[in-house]
Each structure stands twice: as C-alpha cells, then as structure tokens.
Amino acid sequence: MKLYFIRHGETEWNKQRKLQGQVDIPLNEYGRSLAKITAEGMADIPFDKVFTSPLKRAKETAQILCENRPVTPIEDVRLKEISFGVGEGKSLAAIHNQPGIKLYAFLHHPEDYVPPRNGETFIDMYRRCDSFIEEVLLPLESTCENVAVVAHGALIRGMIHYANHRPEKDFWSVTHKNCSVTIMDCTDGHLTILEEGKIYYKEEVEATW
C-alpha cells in the first residue's frame, strides 16, 4: 500500500508568516491554485481513501484533490496541526529574533522545545500520529492500494517520526512546502519513506514551513 501525506495549500497566515497551529485559517487563492495543480499532478493515482484534518485549510485541499475522484474525504481530529496554545498567531519573524522565548526553540532547537501555555509537546503530537497510523492506516493494507492523508507541516513530520524515529534535532531537516507530498510504502505493517516533500508546481513565492 502507498501512503501519500499531503500538506495543505497556502493561507494568508502562511503568506504573512504567522504561526497557525490549530487556528482555523482557510486557503487563499494561491493556496487553492496549488491544490488544483497538485491534484492534477496526482490525477493518475487511484486513491481508495482520502483522510483529512478537519481544519479548513486541509479540508479544502482534500476536497480539491477529490473533485474528479469517486472518493469523499474523511475527517479525523487526530490530523490537526500541533497546537501552540497562546503562541498561535505570533509572527515567525518575531519568533526568529527572540532566542529567549519558547517558540524560538521550536524553530531552531526543537530537541529543547517546551510549548507555550496550552500548547502541545512533540510527544502529544506523536501520540495522535501513532494512534491514527495504527488504528486507521495499517488496517487498510489488505484492502487498499493508495491512500491520501491531507494535513499540516508539523503533523506530517510526526508521521515521518513514526516511520523512521527521526530525532527532534532533525525535525526541520527536510522542507515541507505548501501542497508538498511525502510518499511512504506500507508493507506488512512497516512504513518506509520513498520520497519526502515532493511538489508538483513551479514555486512563485518563498515557501513557509
């Protein structure tokens, strides 16, 4: 079984370089165009099932992916982005320039990250990812050939952690642009990364994490 983990298209907060987390920001027009190009690029892949985060930016990306397919996206709350609690909405530029704040570690020293108030730890997010993989994806191996999961940048890195246990210090080692696709093989319940961060469009703007 092939698994395709797709990051959502661009939002205004991506464009403004603001930390989104679980704030429910919709796609902008460019984000919709990225989703359409990505859907066209993946048109030859016959998805048996498509799962999505319930957040608008992921859900709309999944709906665009399924427009010409006989499948309907299935929402799962475990696919939401990592929560940054009171840190959501903050400027990424400001975070990059404040080494003393907790969110600076998330971006520069993730192995030392302690979330802001009401935020999630990496362990919290990994538990959601592990639960979704083990309870939803792995049981599909005997009946499905291609499955898509539309979610978020950090969340998809959590899925990668399940596959190869990449340490937190290497959390940002591969760029996951808007509408990038990470492809995994699932054989006998074991996940192997085949390709990470693939994009189907020509970049027009600087990608945001």
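**Exercise 1. Overall fold**

What share of the contacts in the protein with a separation of 6 or more comes from residues 24 or more positions apart? Then describe the dimensions and the order of elements.

*Solution.* The model is predicted: local features need pLDDT of at least 70, side-chain atom pairs count only at pLDDT 80 or more, and totals for chains, interfaces and linings use all residues. Residues are numbered from 1 along each chain as its sequence is written, and side-chain values use heavy atoms, with hydrogens and water left out.

Step 1. Contact means heavy atoms within 4.5 Å. Residues 24 or more positions apart supply 71% of the contacts with a separation of 6 or more.

Step 2. The radius of gyration is taken over C-alpha atoms, and the globule rule is 2.2 Å times the number of residues to the power 0.38. For 209 residues a compact globule would have a value near 17 Å; the protein has 16 Å, which agrees. The C-alpha trace spans about 50 × 35 × 25 Å along its principal axes.

Step 3. Buried means under 20% relative accessible area, exposed over 50%, partly exposed in between (1.4 Å probe, protein chains only). Of the 209 residues, 54% count as buried.

Step 4. Helices (H or I, at least four residues) and strands (E, at least two) are DSSP runs, numbered from the N terminus. The protein has seven helices and six strands. Their order from the N terminus is β-α-α-β-α-β-α-α-α-β-α-β-β.

**Exercise 2. The sheet**

Give the strand order, then name the edges.

*Solution.* Step 1. Two strands pair if DSSP finds at least two bridges between them. The six strands form an open sheet in the order 3-2-4-1-5-6, with mixed pairing.

Step 1. Strand 3 (74-75) and strand 6 (190-198) are the edge strands, as each pairs on one side only.

Step 2. Strand 2 and strand 4 run parallel and are joined by four bridges. Thr-52 has Val-150 in strand 4 as its bridge partner.

Step 3. Helix 7 (residues 153-164) lies across strand 1, strand 4, strand 5 (181-187) and strand 6. Its angle to strand 6 is about 145°. Axes are lines fitted to C-alpha atoms, for helices over the stretch in contact, and angles run from 0 to 180 degrees between N-to-C directions.

**Exercise 3. The buried side of helix 3**

Which residues of helix 3 are buried, and what do they pack against?

*Solution.* Step 1. In helix 3 (residues 56-65), the buried residues are Arg-57, Ala-58, Thr-61, Ala-62, Ile-64 and Leu-65. They lie on the same side of helix 3, because they cover an arc of only 160° around the axis. The arc is that of the directions from the helix axis to the C-beta atoms.

Step 1. These residues pack against strand 1 (2-7), helix 2 (29-41), strand 2 (49-52) and strand 4 (146-151).

**Exercise 4. Cysteines and Thr-38**

*Solution.* Step 1. A disulfide is a pair of cysteine sulfur atoms within 2.5 Å. The structure holds zero. The sulfur of Cys-144 is 11 Å from the closest cysteine sulfur, in Cys-186, so a bond is ruled out. For Cys-179, the nearest cysteine sulfur is that of Cys-66, 13 Å away.

Step 1. Cys-144 is buried at 8% relative accessible area. Cys-179 is buried at 0%.

Step 2. Thr-38 lies in helix 2 and counts as buried at 2% relative accessibility. Leaving aside neighbours within four places in sequence, Thr-38 is in contact with Cys-179, Val-181, Tyr-200 and Tyr-201.
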